[in-house]
Amino acid sequence: MLHFEFMQRAFWAGGLIALIAPILGVFLVLRRQSLMADTLSHVSMAGVALGSVLHMSPVLAGFLFAVIGGIAIEQLRRSYRAYSEVPVAIIMTSGLALAMVLMSMKSNLSKSFSSYLFGSIVAVNPLQLMIIAAVTAGGLIFFAVLRRHLYTLTFDEETAAVGGVQVKLMTFAFAVMTGLIVAAAMPIVGVLLVSALIVLPSAFALRFAGGFLQACILAVCAGLTGVFGGLSASYYTDTPPGGTIALTLLLILLAGIAVQKVGQRRRQRHLGEAVRAVPYASRQVMSTSYQEEETNVS
Amino acid sequence: MNIAAMNNVVYGYDGVPVIHNVSLRIESGEFIAVSGPNGAAKSTLLRLLLGLVKPWSGEVSYAPDFNRKAIGYLPQQAASFNSGFPSKVIELVRSGCYPKLGWFRRFGAEQHALVEWSLRRAGMWEYRSRKIGGLSGGQKQKACIARVMAQQPDLVVLDEPVTGMDAGSRLQFYQWMRDYVSADARRTVLMVTHGLDEARPYLDRVIRLEGKEEDCQCFTSNSCSAPFGQEVLLH
């Protein structure tokens, strides 16, 4: 299948985005913003629609809107500290509503929109591939250079602020980065499934990883497996690539959960027997002494 | 030597002031406790001092030669973080060294030694390879304290650090802070605590915040005696 140029491009595009999207996912999940990717892709779609209505480049407008959406969420998050999902809901619905209205202005648009909604990785053109490569490179540099700051920030924002991290600047940069990566991932799995590419690999990785770096590496491995596996499967079974990639990622996650459950149960049974084999006298003793408690109180 | 001061600071929430005209000075070489009933704005006092919130009026100032990056802060309920946070205890404690290392400076032998020292004094060295999410509440708290101390801060600011810790660990912790302050005259530890009775032998000074009941303008505190000089009272 790799002798077709479009499949080569598809593999390149998918592979590149699978290097960066899962790392972003780890941070989004830990910051409890796993729906942010979904939201920004809807906002980005409004940008694409506006771009075509105004005869601008839809791709550029899509990127612009995704970045603006990310910043808007970050701003709203500060005013809804206790409910971090509220700004996500506000921005997601606004994006979708705007996209619907704009799309109705150009009736012939709706057909090409299905490629945005469901992705068209096999139709990725060389320009899009270059954009994806640039975003991936930028993202990897961003996460590598700022890894210490991002770790501290993800752990606790106030501690980070006291430790000299420019919290506002960092969250702003993170929001911009999120917008860029979401917009870059859109042609691969489509607006509706961007979240799958970003959140599913990190959901898998966070179950297994012992440390932070390990979580990022595991997430990227899961992402790459899902994208390449899904692409190949969609080629041979003639199914839509976006959906197949998302389903493959879901399968990986479910398999991971199953393996973990079975392993856990086996270990528990093993340990349970080991504990029972210990002679009674040396077991941990729980005792209650009412006498002592009463004297303590008085 | 004076390292920080608050002058006539007023601050509150939703238009209601909770800090009324507070002035205080933090000297170096002191182990200070901040105590007071619930709602006396102890945590707020710390947050004002750290610059996390800006006072409505009055000012918070630091000595010109004081390095603001040499502050270590343990927020209240620091240990109630996301239990899925994918970090080993030692990884978390290492991150305490980041403020002094900046973006790129290598994590050298000195930092490794500090991390080990910090983990050992916190009694968490044996747990260094465990995931923090799987620790008990008291252990998480100790891990977070170790993280702050690995930074070797000149000013340590701790908000209810002994929450969830057993009696033995609490006394070890007070002794650690006492030793830390005594080892270097530039160091100061400021902590909010409800366990004043057990901490008292280790302390240099107690800052007592009174609740804001109108009829409770107690300017003399019954439990503070000679060794504790300055007191702050809200009225």
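Of the 235 residues of chain B, 40% count as buried, where a residue is buried if 20 or more other C-beta atoms lie within 10 Å of its own, exposed if 12 or fewer, and partly exposed in between, with C-beta atoms placed from the backbone. The structure is a predicted model, in which local features need pLDDT of at least 70 and side-chain atom pairs count only at pLDDT 80 or more, while totals for chains, interfaces and linings use all residues. Residues are numbered from 1 along each chain as its sequence is written, and chains are lettered from A and ligands numbered from 1 in the order in which they are written.

## The two chains

In chain A, buried residues make up 45% of the 298 residues. Chain A has 13 helices and 0 strands, whereas the secondary structure of chain B comes to 7 helices and 8 strands. Here helices (H or I, at least four residues) and strands (E, at least two) are DSSP runs, numbered from the N terminus. Along the principal axes, the C-alpha atoms of chain A fill a box of roughly 85 × 45 × 35 Å.

Two residues are in contact if their C-beta atoms, placed from the backbone, lie within 7 Å. In chain A, residues 24 or more positions apart account for 72% of the contacts with a separation of 6 or more. For chain B, the share of such contacts made by residues 24 or more positions apart is 72%.

## Helix pairs in chain A

The table lists two pairs of packed helices. Their axes are lines fitted to C-alpha atoms over the stretch in contact, and angles run from 0 to 180 degrees between N-to-C directions.

| Helix pair in chain A | Angle between axes | Axis distance |
|---|---|---|
| H9 (residues 167-189) and H10 (residues 194-208) | about 110 degrees | 7 Å apart |
| H2 (residues 36-53) and H3 (residues 58-79) | roughly 140 degrees | within 7 Å |

Angles under 35 degrees count as roughly parallel, over 145 as roughly antiparallel, 65 to 115 as roughly perpendicular and the rest as oblique. H9(A) and H10(A) are therefore roughly perpendicular to each other. In this pair, A:Val182, A:Ala185, A:Met186, A:Ile188 and A:Val189 of H9(A) touch A:Val194, A:Ala196 and A:Leu197 of H10(A). The residues of this contact comprise 8 nonpolar, no polar and no charged. In this classification, Ala, Val, Leu, Ile, Met, Phe, Trp, Tyr, Cys and Pro count as nonpolar, Asp, Glu, Lys and Arg as charged, and the others, Gly among them, as polar.

H2(A) and H3(A), by their angle, are therefore oblique to each other. H2(A) passes H3(A) in a right-handed crossing; a crossing is right-handed if the near helix is turned clockwise from the far one by less than a right angle, and left-handed if anticlockwise. Residues that meet in this pair include A:Leu40, A:Val43 and A:Gly47 in H2(A) and A:Leu64, A:Phe65 and A:Gly69 in H3(A). The residues of the contact of H2(A) with H3(A) divide into 13 nonpolar, 8 polar and no charged.

## Where the chains meet

The contact between the chains takes 19 residues from chain A and 20 residues from chain B. On the side of chain A that touches chain B, the elements giving two or more residues are helix H7 (147-155), helix H8 (157-162) and helix H11 (212-237). The residues of that side divide into 10 nonpolar, 6 polar and 3 charged.

Helix H7(A) is largely enclosed by the rest of the structure, because 8 of its 9 residues are buried. Among these buried residues are A:Arg148, A:His149 and A:Phe155. Their cover includes helix H1 (5-30), helix H6 (126-145), H8, H9 and H11 of chain A, together with helix H3 (98-101) of chain B.

## Domains and backbone of chain B

The domain assignment, which is automatic or from a database, gives chain B domain 1 (1-66 + 154-163 + 186-235) and domain 2 (77-153). Their contact takes 5 residues from domain 1 and 4 residues from domain 2. On the side of domain 1 that touches domain 2, the residues divide into 3 nonpolar, 1 polar and 1 charged.

Most residues other than glycine have a negative phi. B:Asn21, in strand E2 (residues 16-27) of chain B, has a positive phi near 55 degrees. With 14 C-beta neighbours inside 10 Å, B:Asn21 counts as partly exposed. B:Glu160 has a positive phi of about 45 degrees and lies in the loop between strand E6 (155-159) and helix H6 (167-183) of chain B. B:Glu160 counts as buried, because it has 20 C-beta neighbours inside 10 Å.
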